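Please open the structure in your viewer and keep the selection tool at hand. The tour below goes from one selection to the next and says what is to be found at each stop.

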Amino acid sequence: MDGDDPLIPAGQPARRRVQVWDLPTRLFHWLMVVLVAAAYVSIRFNWLGLHVRVGETLLVLVLFRLLWGCFGSETARFRSFLKSPAAALGHLRRLFRREPDLEVGHNPAGGWMVLLLLALLSVETLSGLYVYNDVEDVGPLTPWVPAALADAIDDLHIILWDVLLAAVALHVLAIALYAAAKGHNLLRPMLTGRKSLPASIRAPRVAPAGRALLLLAAAVAAVALLATYL
């Protein structure tokens, strides 16, 4: 059992440590942090080969996360954390209210942030694959895509990179605000996988590791095909 929490009213039922994030979800999260930083550094120093490999790895992870969001552990599934926009706005209206953290997985606002980051990463990495194949003249679509459309995809890749960095900055700011304003530590559960919750809250179901490996293999195969034929 955990010690007394100053945000928990007297008489609150006992709390226990619950696994809320599985290992695949946590590895995905922290690998994304490393790879986005690597993408930034590699493009700043014009290390194109490394930048392309990082982008392909990012796309593998994004595709894996999309699959894991459909077939993975309970808290990783989109249906478990994607709430209505009204629910997300209602949650944000309580941002500066100190209260116990009873969320088993993503909160309603955090769920939409996850979706935004995945969407940005999907388009950014896919457009990057096309741009590289077009520049190197190795993509089968190169002869068929009009120059104006190819230029538009190139511009999209550049613009979305800035949008992605802004979204990442917003994500980091939100984590800091939750810690300062609400007293919620969102980083520790993503590191350890575990969180203190009332004993009455059911522990989420965790998918087997073998399923994660199969979905990862499917993502690798998909990116290999995309890198060849995009």
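By about how many helical turns are phenylalanine 64 and tryptophan 68 separated in helix α2? Select both residues: they are four residues apart in helix α2 (residues 48–71), and therefore about one helical turn separates them. Helices here are DSSP runs of H or I with at least four residues, numbered from the N terminus. An α-helix has 3.6 residues a turn, so residues three or four places apart point the same way.

Before moving on, note that this is a predicted model, in which local features need pLDDT of at least 70 and side-chain atom pairs count only at pLDDT 80 or more, while totals for chains, interfaces and linings use all residues. Residues are numbered from 1 along each chain as its sequence is written, and side-chain values use heavy atoms, with hydrogens and water left out.

**Aromatic pairs**

The whole structure holds three aromatic pairs, where rings of Phe, Tyr and Trp (its six-membered ring) pair if their centres lie within 6.5 Å, and planes under 30 degrees apart count as stacked, over 60 as edge-to-face and the rest as tilted. Select phenylalanine 45 and tryptophan 47 next: their ring centres are 5.0 Å apart and their planes lie at 20°, so this pair is stacked. Phenylalanine 45 is exposed at 55% relative accessible area, and tryptophan 47 is partly exposed at 43%; buried means under 20%, exposed over 50%, and partly exposed in between, with a 1.4 Å probe and protein chains only. Returning to phenylalanine 64 and tryptophan 68, you will find another stacked pair, with 5.6 Å from centre to centre and 20° between the planes. Here phenylalanine 64 is buried at 6%, and tryptophan 68 is buried at 0%.

**A lysine in helix α6**

Now select lysine 182, which belongs to helix α6 (residues 147–182) and is buried, with 1% relative accessibility. Its side chain makes a polar contact of 2.8 Å with the side chain of glutamate 99, and a polar atom of that lysine 182 side chain lies 2.9 Å from the backbone oxygen of arginine 97. A polar contact is a pair of N or O atoms within 3.5 Å; within protein, one must be able to donate a hydrogen and the other to accept it, and residues adjacent in sequence count only if both atoms are side-chain atoms.

**The start of helix α5**

Finally, select asparagine 107 and alanine 109: at the start of α5, a side-chain oxygen of asparagine 107 comes within 3.1 Å of the backbone nitrogen of alanine 109.

Notes
Helix = DSSP H or I, 4+ residues; strand = E, 2+ residues; numbered from the N terminus.
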